[in-house]
There are 2 protein chains.
Amino acid sequence: VNRLTIVKIGGEVIDAPRQLSKCLQSFVAISGKKILVHGGGKTASQMSVRLGLTPKFAQGRRITDAETLMVVQMVYAGLLNKNIVAELQMSGCNALGMTGADANMILAEKRAVKDVDYGFAGDIKEINSAMLLKILKAGLVPVFCPLTHDGRNQFLNTNADTIAARMGSALADSYAVEVIFCFGKKGVLENEADGNSVIAGITKKSYQLLLQKGIIKDGMIPKLDNAFQALSNGVKKIYIIHADALEKLNQKIAGGTSGTVLTLD
Amino acid sequence: VNRLTIVKIGGEVIDAPRQLSKCLQSFVAISGKKILVHGGGKTASQMSVRLGLTPKFAQGRRITDAETLMVVQMVYAGLLNKNIVAELQMSGCNALGMTGADANMILAEKRAVKDVDYGFAGDIKEINSAMLLKILKAGLVPVFCPLTHDGRNQFLNTNADTIAARMGSALADSYAVEVIFCFGKKGVLENEADGNSVIAGITKKSYQLLLQKGIIKDGMIPKLDNAFQALSNGVKKIYIIHADALEKLNQKIAGGTSGTVLTLD
């Protein structure tokens, strides 16, 4: 089975141009089939403010009303995604920038309103893996921004971690998939106050213990829930690393040189 | 040889939502392989003004400085292109929105500064027809916004008529190509003041006469120059029609029901 690497770069990497460039160069160097998924960062909020809108958040997630969705669409699909594509192309990586609407790649449904109305936020229903395979086989490198669609002419703002994890699950039958989450910390930390207290490896079993002890909490929980779901669906290995560590990881992918490695057991 | 239809929709169609929807529905109904190329319209200028920038034009063409390019990229690639993709997907047309940087599809070079400095305006060097053929064969319908790249991490604003014509030329060896330019008039007019004075057919020879008599002038000259270049390169037929006429044209493609038909002779 051929290897497929899915790299997700978080919003904090998008917001740091030099770190982003370095991370993209490391991505170019990855051999075999690959997919890039990127988050949003602060540009959409900044653009909203310039346009006289007030960014709204609940529990750390953006509330996407119609005007905000327009801004998010411009910034994610037009500005950030295409800037990444042009930079990858310069380095000889045949990138193809996409939203979930393009090639009907990611079908989602608007999140039901419970305590909070997140507006046009979407939860993934289906990844179009047949078409994704065709695109990969054509030699293209898909680059996804965190937008999906509902198939009824509505874009939906969707978490990039979830896109990366679900895409890994969808392709696990066709490739030996590894997913790498690049963000601003060195890995999953034992002690949030100590940036170097990286937990080297987490299994499904040890994850339950870390949850019980309250060591893993807040924003890391959905990230790791996503990750272990993908592992259960056949993804081989998942890395959670600092964006700057992508280069080293390439050189010694199985060496555990840095960051946190997640495996089923 | 299989048929390929390239439809270009002008900025004035983009600016009229109901006309755009009708035109997209007609596009969906076209059988065989197809490509959509769209212009920009007024949204980019409106967005520039909202962001405190002053849109600049010379001889009817936008002057694209760095800040304007950012706005154009957001509006063309993020807003307009993706809105069209989502609407086509709703109608079961497997659209894939692209700039010229995506899949390295359109390589261009920055226009040399002569009388006017158009800024980041690009003239097409090469269409990546090999990859375009792969994408068409995968069953996808490429939708291009009027942005190209120089392969060195620079987007360039590029005329959508030229993109459609050059794409037709590039694919004329592989398909029987027809190009349809949809805009706000009924065709090429004999008398600009009379919207119904449509010239039914123009050949390469009669085009020269119309130019000499001054009947074809201004903005129509580059449009028709592009068109006859494409015909010389092997494109079978080119239509210049009102956006509302695309539906009728589908029903009777060779009937000359409306608009202007261009042929070599």
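Which side chain does the side chain of Ser169(A) join in a polar contact of 3.1 Å? The partner is Asn233(A), where a polar contact is a pair of N or O atoms within 3.5 Å, one able to donate a hydrogen and the other to accept it within protein, with residues adjacent in sequence counting only if both atoms are side-chain atoms. This is a predicted model, in which local features need pLDDT of at least 70 and side-chain atom pairs count only at pLDDT 80 or more, whereas totals for chains, interfaces and linings use all residues. Residues are numbered from 1 along each chain as its sequence is written, chains are lettered from A in the order in which they are written, and side-chain values use heavy atoms, with hydrogens and water left out.

- Ser169(A) lies in helix 6 (residues 160-171) of chain A, helices being DSSP runs of H or I with at least four residues, and strands runs of E with at least two, numbered from the N terminus.
- Because its relative accessibility is 15%, Ser169(A) counts as buried, a class that means under 20% relative accessible area with a 1.4 Å probe and protein chains only.
- Apart from neighbours within four places in sequence, Ser169(A) is in contact (heavy atoms within 4.5 Å) with Gln229(A), Ala230(A), Asn233(A) and Val235(A).

**Interface of chain B and chain A**

- The contact takes 38 residues from chain B and 38 residues from chain A, and the area buried between them is about 3,200 Å², of which carbon and sulfur atoms give 62%; buried area is the accessible area (1.4 Å probe) lost by two parts on being put together, summed over both.
- Four salt bridges are found across the interface, each defined by a side-chain nitrogen of Lys or Arg within 4 Å of a carboxyl oxygen of Asp or Glu.
- A salt bridge joins the side chains of Arg50(A) and Glu67(B), at 3.9 Å from N to O.
- The elements that give two or more residues to the side of chain B that touches chain A are helix 3 (43-50), helix 4 (66-90), strand 5 (95-98) and helix 5 (129-137) of chain B.
- Helix 4 of chain B provides the largest share of that side, with 15 residues.

**Relation of the two copies**

Notes:
Buried means under 20% relative accessible area, exposed over 50%, partly exposed in between (1.4 Å probe, protein chains only).
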